[in-house]
Amino acid sequence: MVKDILVVKDLQVWFPVRQGFIESLVSKEQRYVKAVDGVSFNIKEKEIFCLVGESGCGKTTTGKGILRLVEPTGGSVKYYGKGKEILLKDMISDALAKGKITKAQAEKMTAEGGIDVRALHKSKMKKLRQKMQIIFQDPYESLNPKQSVYDIVAEPLVVNGIGATEAEREKRVVKALEDAGLRPPKDFMWRYPHEVSGGQRQRVGIAGSLVLEPEFLVADEPVSMLDVSIRSEILKLMLDLRDNKGLAFLFITHDLGVAYVFSDRIGIMYLGKIVELGPTEEVVKHPAHPYTKALISVVPTPDPEMRRNQIILKGERPDPSNMPPGCRFHPRCPFVMDICRKEAPATVFVSEGHWVSCHLEKGQAK
Ligand SMILES: Nc1ncnc2c1ncn2[C@@H]1O[C@H](COP(=O)(O)OP(=O)(O)O)[C@@H](O)[C@H]1O
Ligand SMILES: [Mg+2]
């Protein structure tokens with residue numbers, strides 16, 4: 001059986017809303033932007049799991065919450081990748097030495113083997129982050145224009161104290177550039193970000209993540225700032241990294257078309273929640289949630305018949321600091337019923353590994 005590398009349960013990232021003076025007199029209640037509001041999913045080894053949803057639904061915050069680049073306010077994140085062994089051994093022998101746990105408990109913990117990411121001390125989190133990396137959307141903003149490609153890619157090694165000598169570090173930088181498809185590496189190492197193309201810039205960013213030899217990557221809209229012509233090259237690179245290095249991906253995109261060609265499973269996100277989740281092919285061919293159906297209906301297609309069936313969502317994009325009651329999609333749902341305005345739908349089974357949260361589905365509850 002394929003093992004999980006990551007299990008996220010009920011993840012919650014709420015940001016407190018700063019209130020004005022008058023507002024704070026009228027209402028004592030602290031309001032929150034509920035960017036991520038109870039998100040659960042797992043990612044298997046070597047899997048590409050895609051989070052899809054329109055801008056502002058909480059995709060980036062989910063990715064950052066998992067890596068604790070923003071601190072979650074609730075839920076759990078468990079990491080099961082191989083890199084955890086080093087950390088786990090450390091922590092268990094530490095706790096054992098301090099008499100905090102018994103030998104039997106230590107053995108049980110080693111066997112169960114998940115790292116509770118949210119419980120990690122900052123110094124340990126830094127260590128774990130070598131195995132869990134993020135690739136950002138904008139290769140123009142995320143690279144320091146004053147650093148050479150070599151310095152950019154070597155920086156994570158320096159920060160994490162990896163590589164005893166410069167020669168050792170150089171070897172790893174060269175390897176990372178090669179793995180990111182910048183070949184021959186010597187042609188790129190001494191250039192500056194403005195001296196390479198957009199696609200190459202994104203590859204430099206990816207090399208900077210690869211240099212630490214991660215097992216799991218969060219790729220946050222890694223192609224949406226790139227020209228269409230080079231998007232598929234970068235996507236292909238990520239597929240190669242999965243196939244050749246066994247990397248697992250949380251791939252974030254607002255573009256269902258990209259998710260369809262690229263991912264193994266999809267989670268459709270709406271206003272801080274995953275409303276439908278399942279194998280990519282299954283979700284796209286047999287969508288159960290009206291929001292998923294709407295997203296699929298607007299994916300560009302040359303088929304005029306399909307274009308005629310487009311579902312254009314009405315209404316404004318909702319505000320995560322002011323959630324609608326009941327099902328949070330109800331104000332825009334073409335199939336809204338009375339119950340949708342009052343009760344949040346349960347998550348129900350659609351087919352093998354395929355779940356949906358919608359009152360229209362009457363399947364068995366999860
Ligand atoms: N640091 C923050 N403080 C307050 N609100 C935030 C912060 N980061 C994100 N948000 C809000 O959380 C919601 C989700 O944002 P984000 O995760 O960036 O969405 P997405 O990546 O899907 O476009 C948005 O309404 C955004 O304005
Ligand atoms: Mg985003």
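Two strands are taken to pair if DSSP finds at least two bridges between them. Helices (H or I, at least four residues) and strands (E, at least two) are DSSP runs, numbered from the N terminus. The model is predicted: local features need pLDDT of at least 70, side-chain atom pairs count only at pLDDT 80 or more, and totals for chains, interfaces and linings use all residues. Residues are numbered from 1 along each chain as its sequence is written, chains are lettered from A and ligands numbered from 1 in the order in which they are written, and side-chain values use heavy atoms, with hydrogens and water left out.

Eight strands form an open sheet of mixed pairing, in the order β6-β7-β8-β3-β9-β10-β12-β11. Strands β6 (132-135) and β11 (347-351) stand at the edges with a single partner strand each, so one side of each has no neighbour in the sheet. From one strand to the next, the twist averages 20 degrees. Angles run from 0 to 180 degrees between N-to-C directions, and axes are lines fitted to C-alpha atoms, for helices over the stretch in contact.

Within this sheet, strand β7 (residues 216-220) pairs with strand β8 (residues 248-253) in the parallel sense over five bridges. The bridge partner of F216 in β8 is A248. Strand β8 also pairs with β3 in the parallel sense, over five bridges, and F49 stands opposite L250 in β8. The pairing of β3 with β9 is parallel as well and runs over four bridges, with C50 opposite I266 in β9.

The burial of β3 was examined next, where buried means under 20% relative accessible area, exposed over 50%, and partly exposed in between (1.4 Å probe, protein chains only). Five of the five residues of β3 are buried, so the strand is largely enclosed by the rest of the structure. In a regular strand the side chains alternate between the two faces of the sheet. Both faces of β3 are covered, with I48, C50 and V52 buried on one side and F49 and L51 buried on the other.

Further along the sheet, strand β10 (residues 273-279) and strand β12 (residues 354-357) pair in the antiparallel sense over two bridges. E276 stands opposite V356 in β12, and V348 also stands opposite V356. Strands β11 and β12 pair in the antiparallel sense over four bridges. Their hairpin has two residues between the strands, and G353 takes a positive phi near 70 degrees there.

Helix α2 (residues 59-66) lies across β3 (48-52), β6, β7, β8 and β9 (265-270), and runs at about 150 degrees to β8. Helix α8 (residues 198-210) lies across β6 and β7, at about 170 degrees to β6.

Another open sheet is formed by four strands in the order β2-β1-β4-β5, with antiparallel pairing. Its edge strands, β2 (32-44) and β5 (115-116), each pair on one side only. Strand β1 (residues 4-16) pairs with β2 over 10 bridges in the antiparallel sense, and L11 stands opposite V39 in β2. In the loop between β4 (74-79) and α3 (84-97) lies G83, which is buried at a relative accessible area of 9%. Not counting residues up to four places away in sequence, G83 touches K131 and E215, contact meaning heavy atoms within 4.5 Å.

A search of the whole structure finds 15 salt bridges, each being a side-chain nitrogen of Lys or Arg within 4 Å of a carboxyl oxygen of Asp or Glu. One of them joins R68 to E71, with the closest N and O atoms 3.1 Å apart. R68 is buried at 11% relative accessibility, whereas E71 is partly exposed at 44%. The side chains of K186 and E170 meet in a salt bridge of 4.0 Å, N to O. This pair links distant parts of the chain, K186 lying in the loop between α7 (166-179) and α8 and E170 in helix α7, 16 residues apart. K186 counts as exposed at 55% relative accessibility, and E170 as partly exposed at 28%.

A salt bridge of 3.2 Å, N to O, is formed by the side chains of K236 and D240. Both residues lie in helix α9 (residues 228-245), four residues apart, about one turn of the helix. K236 is partly exposed at 47%, and D240 is partly exposed at 28%. Salt bridges that share partners also join K175, D179 and K245 into one network.
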